[in-house]
Amino acid sequence: MSPFPLTISLESIILAVSILLLFGVLASKASVRLGIPALVLFLLIGMFAGSEGPGGIEFDYPRLAQSVGVVALIFILFAGGIDTDWRSVRPILWQAVALSTLGVGLTAVLVAAFAVYALDFNIIEGLLLGSIVSSTDAAAVFAVLRSRNVSLRAPLKPLLELESGSNDPMAVFLTIGFVSLLTNRQASLMDLLPMFALQMPVGMALGWLMGKGSVLVINRAQLEYDGLYPVLSLSAILLTYGLTNAIGGNGFLAVYIAGLVMGNSRFVHRRSLMRFHDGLAWLMQIAMFLVLGLQVFPSRIIPIIGIGLLISLFLMLVARPISVFLILAFTRMSLKEKTLVSWVGLRGAVPIILATFPVLAAVPQAEMIFHVVFFIVVTSVLLQGTSLPMVARWLGLESPLPSMSEYLLPLESPDSIRTGLTEITISSTSTAAGKQIVDLGLPNQVVVMMVGRNNHGFIPTGRSVLHANDKLLVFADKDQLAETMKIMEAHDPYRIPSPGADVI
C-alpha cells in the first residue's frame with residue numbers, strides 16, 4: 001500500500017469522480033431492465049476503472065476505502081431507519097431483533113466451523129470471516145423485487161426490512177471484536193461480553209435521545225432559509241454517530257435508531273428532508289461500491305474462487321437456513337415463509353467494508369479474507385438475487401407492486417375528492433392558536449393544503465404558526481379526517497360550531 005498520490009491534480013480527480021458517478025447512476029437504470037442488482041454493476045464499474053481494468057486508476061488504499069465506507073454506512077443506515085414505518089414492523093419486532101442479533105451470531109459460528117474444518121482456518125480467523133459475512137442487505141433485496149414488479153406479503157416485507165436494517169451494527173461489533181482478539185493475544189472471547197453490554201444499550205439509548213432531540217430542534221429552530229434544514233439534519237446524524245462512539249456505544253446502531261425515531265415523528269419539512277436523505281443514501285451507496293470496486297484486484301480473486309464458492313454455498317444453503325429456522329422455530333410463520341426468509345440473505349457492501357478492518361490491522365490472511373468476502377458478496381447477489389422473484393412466486397408469497405394510479409388523486413370523481421377535503425376554523429378559544437402545524441399531532445398522511453387568514457390565503461409548512469380565526473383547508477381520507485377532527489376537538493372541547501364549516 002502506497003501513500004495517496006498528491007501529484008494528481010484536483011481537476012483530474014473531479015473529472016474521474018464525475019464520470020464514475022455518472023456511470024453509477026446509469027448503471028442503476030440498467031439494473032432495473034437487466035434484473036441485476038445495481039450494487040453488482042457499481043462494483044464492476046469500480047473494478048473496470050481500477051488499476052487492473054481499462055480505466056487504469058491506481059488505487060490500493062484500504063484505509064481510504066474503509067473511511068468512505070464508514071461515512072457512507074452512517075447515512076445509509078439513517079436513511080433506512082427514517083424510511084421504516086414503526087406500525088408495520090412493531091408486530092414482528094422481536095423476530096427481527098432476534099434475527100439481527102442471535103441470527104448474526106449463529107451464522108458467524110456456523111461459517112467459522114466450516115472454515116476451520118474445510119479451509120484450515122483457526123477458530124478466531126473463522127469467527128472473523130463468519131462475522132464479516134453475517135449481515136444482510138435489504139436494499140439489494142427490494143431493488144431486485146422492484147425490478148421484477150414483485151413485492152412480498154406481510155409480515156415478510158417488514159421483517160426483512162427491519163432485520164437487514166438493524167443487523168449491521170452486530171456484524172460491526174463482532175468483526176472489531178475478533179480483529180482485536182487476533183491482534184492482542186492476551187485477550188479472550190469473554191472480553192467481548194462487557195464490550196457488547198456497553199455498546200448496544202448505549203447505542204440504543206443515545207440513538208433514541210438524539211432522534212427525539214433532533215425532532216425537537218428541527219421544529220423549534222425556525223430557520224430563515226429552508227435550505228439549512230438538510231444541513232441541520234446532517235449535523236445531527238454525524239453528532240449522533242460521533243458522540244455515541246466517543247462514550248463507548250455503537251454509533252451505527254445509534255444512527256439507525258435515531259432515523260427510526262425521526263421517521264415516525266412529525267417535524268417540519270418532513271417530506272423534503274426524507275427525499276433529501278433518500279438521495280444522499282443513493283449517493284453514498286454509489287460512492288461506496290465504486291471505491292470498494294477500485295480496491296479489488298481481479299488477479300487476486302482467481303486463486304480463491306474455489307474457497308470462495310465453497311463458503312458462499314455453505315452460507316446460502318446451510319448457515320443462513322439453520323439460523324433462520326432455529327430463530328423462528330417458535331413463531332407462527334409458515335414453513336414457506338421461513339424458507340423464503342432463509343433464502344433472502346443477500347450480502348451487500350457492509351461485508352466488504354468490514355473486510356478492510358483485518359487488512360488495516362495486519363491480521364494473518366487478511367488479503368485473502370478481503371477477496372474471499374468480495375467473491376461471496378458477488379455470488380450471493382447473483383445467485384440469490386436473480387432467483388429471488390422466482391422463489392417468491394414458487395412459494396406463493398409474492399404480492400404485485402401497487403400500480404402508480406393508486407397514488408394519484410381520482411380527479412375523474414369529484415365526489416370522492418370532496419370526501420377528502422374539509423375546512424377547519426381555529427376558534428379564539430382553541431389551544432391550537434399560537435402553535436405550529438407540526439405540533440398539532442395530526443396523522444402523518446393529513447395535508448393542510450391552505451390556510452386562510454384575514455381574507456388572504458397561503459400554503460403553509462409544518463412550522464407555520466396558526467392564529468385565531470384561521471381557516472385550514474385539510475385533505476385526507478375519511479378515517480384520517482375523523483381522527484383529525486378528534487384531535488382538533490381536544491384543542492377546544494367547548495367550541496361553538498358555526499354554519500358551513502367545522503370550527504375547532
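Predicted model: local features only at pLDDT ≥ 70, side-chain atom pairs only at ≥ 80, totals over all residues.
Residues are numbered from 1 along each chain as its sequence is written, and side-chain values use heavy atoms, with hydrogens and water left out.

A pair of aromatic rings is described by the distance of the centres and the angle of the planes. Rings of Phe, Tyr and Trp (its six-membered ring) pair if their centres lie within 6.5 Å; planes under 30 degrees apart count as stacked, over 60 as edge-to-face and the rest as tilted. By this rule, five aromatic pairs were counted. F114 and F314 form a stacked pair, with 4.4 Å from centre to centre and 15° between the planes. This pair joins distant parts of the chain, since F114 belongs to helix α5 (residues 93–119) and F314 to helix α15 (residues 305–327), 200 residues apart. Helices are DSSP runs (H or I, at least four residues), numbered from the N terminus. Buried denotes under 20% relative accessible area (1.4 Å probe, protein chains only); F114 is buried because its value is 19%, and F314 because its value is 16%.

S380 lies in helix α19 (residues 366–394) and is buried, at 1% relative accessibility. Beyond neighbours within four places in sequence, its contacts (heavy atoms within 4.5 Å) include S312, M316 and R347. The side chain of S380 reaches the backbone nitrogen of R347 at 3.2 Å.

Terms used. Helix = DSSP H or I, 4+ residues; strand = E, 2+ residues; numbered from the N terminus. Buried < 20%, exposed > 50% of the residue type's maximum accessible area, 1.4 Å probe, protein only. Polar contact = N/O pair within 3.5 Å; in protein donor to acceptor, adjacent residues only side chain to side chain.
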